[in-house]
Amino acid sequence: MSVAGATNLLRGTAIGGLAVAWAVFAHRTSVGGASDFSTALAATPIVIVAAILLRRLGSPLSIASGSLAALALLAWAWPQLRENVALLYYLEHVGTNLAFAVVFGRTLGAGHEPLITQLARFAHPEGLSPAKLRYTRQVTVAWTGFFVAMAAVSTGLFLLAPAAVWSVFANFLTLPLILLMFVVEHLCRYLVLPPAERAGIADTIRAFRAGKQRRAPPPDQR
């Protein structure tokens with residue numbers, strides 16, 4: 001195995017280990033007691049997103065005012081959040097799925113090119129056939145619907161089912177369901193498209209990286 005391959009393997013293993021550890025931690029704190037530390041850890045992703053949004057305000061006064069308002073809101077809600085850490089994980093889970101639904105769905109409107117079609121062009125710079133265009137649009141629709149469905153199921157379970165049931169779905173089944181979606185799409189691609197147009201995500205990533213390298217200026221021109 002090459003050094004690059006070993007590095008990628010270690011990186012993937014580390015990311016996978018962190019994902020599993022986070023899922024176990026989130027499940028335990030969602031269904032059991034929580035401390036200030038676990039509540040703070042659960043709130044960290046939301047705080048990071050809020051900080052990114054505040055930075056986009058531009059004006060220092062607006063950023064300072066928004067930061068103070070966010071801290072005041074967090075301090076006011078802290079006792080309730082500490083008693084219901086699952087709410088934080090629910091907001092993160094639903095928010096993430098809805099964000100992906102928007103990313104995919106907004107490219108389906110008039111005047112836009114479907115996101116999967118855009119990605120497919122990296123692997124097929126010579127152009128896409130009508131069948132490929134139709135297929136990539138349908139896949140974009142499918143991913144949009146998938147993320148909307150994930151958010152809807154998460155909301156239904158959070159409101160109607162025991163916390164443990166919702167937590168298993170959100171923390172342990174989300175990633176396998178996404179992987180299953182990739183597998184189903186892969187099978188559909190082989191059934192619908194001819195061999196020359198079956199480029200997968202790995203091919204697209206390689207083509208994207210190659211395109212970036214071709215567009216990058218020589219070191220002496222940077």
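Guide: A word before we start: buried means under 20% relative accessible area, exposed means over 50%, and partly exposed is in between, using a 1.4 Å probe and protein chains only. This is a predicted model, where local features need pLDDT of at least 70, side-chain atom pairs count only at pLDDT 80 or more, and totals for chains, interfaces and linings use all residues. Residues are numbered from 1 along each chain as its sequence is written, and side-chain values use heavy atoms, leaving out hydrogens and water.

Visitor: Okay, so how many salt bridges are there?

Guide: The count comes to 3 salt bridges, each being a side-chain nitrogen of Lys or Arg within 4 Å of a carboxyl oxygen of Asp or Glu.

Visitor: Which residue does Asp 36 pair with?

Guide: Asp 36 forms its salt bridge with Arg 82, and the closest N and O atoms of the two are 2.9 Å apart. Asp 36 belongs to helix α2 (residues 36-55) and Arg 82 to helix α3 (residues 60-83), so this pair ties together parts that are 46 residues apart in sequence. Helices here are DSSP runs (H or I, at least four residues), numbered from the N terminus.

Visitor: And is Arg 82 buried, partly exposed or exposed?

Guide: Arg 82 is partly exposed, with a relative accessible area of 30%, and Asp 36 is partly exposed as well, at 42%.

Visitor: Which side chain meets Arg 121?

Guide: Arg 121 meets Glu 113 in a salt bridge, with 2.7 Å from N to O. Arg 121 counts as partly exposed at 34% relative accessibility, and Glu 113 is also partly exposed, with a relative accessible area of 28%.

Visitor: What about Arg 189, which residue is its partner?

Guide: The partner of Arg 189 is Glu 185, and the N to O distance in that salt bridge is 2.6 Å.

Visitor: Where do Arg 189 and Glu 185 lie?

Guide: Both are in helix α7 (residues 163-192), where they stand 4 residues apart, about one turn of the helix.

Visitor: Switching to the surface: is Arg 189 buried or exposed?

Guide: Arg 189 is buried, since its relative accessible area is 7%, and Glu 185 also counts as buried, at 15% relative accessibility.

Visitor: Last one, why can side chains pair like this?

Guide: Side chains of opposite charge can pair when their charged atoms come close.

Terms used
Helix = DSSP H or I, 4+ residues; strand = E, 2+ residues; numbered from the N terminus.
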